[in-house]
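Have the picture open while you read.

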Amino acid sequence: MGCMSDPNSIRIVGASIQTELSVVIAELGPIADRLQLAGEAIAELRVSHPQSPESNVKAAYMSPWKSHLLNPKLLPLCASVVEIARAAAPKAWSGDLGALGLDLLVTHCWGAVYEQADYTAPHNHWPADLSCVVYLEAEPGCAPLVFSKTSAYHPRPGTLVLFPGVATHEVPATPGRRVVVAMNLFKQLALTPAAAAG
């Protein structure tokens with residue numbers, strides 16, 4: 001079996017399929033203190049890192065992609081999202097990460113402040129395994145999170161929407177303010193004490 005000499009000679013044909021992807025919605029009232037810290041972090045990042053990065057997010061402000069490494073007030077919320085994703089995985093995606101020797105790692109975490117008419121163009125987060133949006137603020141009637149132009153989640157403050165990274169989603173122009181923290185999570189080998197010793 002030889003190796004391919006010219007990968008450009010392969011013709012790749014794209015296609016799309018209709019499929020159902022599970023989305024997890026969690027009420028975050030029990031970790032209100034972590035939501036408060038995350039809100040403080042976004043306000044602080046807006047001062048320390050005022051320039052929004054280039055992206056499909058067309059909001060009044062977006063913090064840097066790895067904001068959790070710039071402001072430790074985001075770390076408790078990152079840890080909670082990982083715990084929720086671990087707990088939800090067996091039912092939502094038919095996989096017990098612990099039993100498979102896997103864990104989750106937040107690789108990217110950023111905040112966004114949407115004011116009137118701000119929006120996010122359709123996109124996905126591949127190659128991330130999971131992505132999420134945590135709603136810190138959501139005025140009544142603000143724009144929903146729309147998946148594949150067919151399913152919409154109308155946000156409420158203090159909620160988490162967790163979904164597979166390949167899910168195409170967007171935010172139409174919003175008539176009201178929304179403040180969110182978004183994250184990308186990747187699977188990794190679990191670093192258990194037994195595995196580290198072996």
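Cys 109 has a relative accessibility of 0%, so it counts as buried (buried means under 20% relative accessible area, exposed means over 50%, and partly exposed is in between, using a 1.4 Å probe and protein chains only). Cys 78 is buried as well, with a relative accessible area of 5%. Before we go on, a quick note: this is a predicted model, where local features need pLDDT of at least 70, side-chain atom pairs count only at pLDDT 80 or more, and totals for chains, interfaces and linings use all residues. Residues are numbered from 1 along each chain as its sequence is written, and side-chain values use heavy atoms, with hydrogens and water left out.

## Salt bridges

Side chains of opposite charge can pair when their charged atoms come close. Searching the whole structure turns up 8 salt bridges (each is a side-chain nitrogen of Lys or Arg within 4 Å of a carboxyl oxygen of Asp or Glu). One of them joins Glu 44 and Lys 73, at 2.6 Å from N to O. Glu 44 belongs to helix α1 (residues 32-48), while Lys 73 is in the loop between β3 (61-62) and α2 (75-93), so this pair links distant parts of the chain, 29 residues apart. Those labels come from DSSP runs, numbered from the N terminus: helices are H or I with at least four residues, and strands are E with at least two. Glu 44 is partly exposed at 35% relative accessibility, and Lys 73 is partly exposed too, at 25%.

Next up, Asp 103 and Arg 86 form a salt bridge with their closest N and O atoms 2.8 Å apart. Asp 103 lies in strand β4 (residues 102-114) and Arg 86 in helix α2, so the pair ties together parts that are 17 residues apart in sequence. Asp 103 is buried, at 18%, whereas Arg 86 is partly exposed, at 37%.

Then there's Glu 170 with Lys 149, a salt bridge of 3.2 Å from N to O. Glu 170 is buried at 16% relative accessibility, but Lys 149 is exposed at 64%. Salt bridges can also share partners: Glu 40, Glu 44 and Lys 73 are joined into one network that way.

## How two helices meet

The axes of α1 and α2 come within 8 Å and cross at roughly 130°. Axes here are lines fitted to C-alpha atoms, for helices over the stretch in contact, and angles run from 0 to 180 degrees between N-to-C directions. That makes α1 and α2 oblique to each other (under 35 degrees is roughly parallel, over 145 roughly antiparallel, 65 to 115 roughly perpendicular, and the rest oblique).

Who makes the contact (heavy atoms within 4.5 Å)? On α1 it's Arg 34, Leu 35, Leu 37 and Ala 38, and on α2 it's Pro 76, Leu 77, Ala 79 and Ser 80.

## A leucine in α1

Leu 45 is in helix α1 and counts as buried, at 1% relative accessibility. Leaving out residues up to four places away in sequence, Leu 45 touches Pro 50, Tyr 61, Ser 63, Ser 67, Leu 70, Asn 71 and Leu 74.

Technical notes
Contact = heavy atoms within 4.5 Å.
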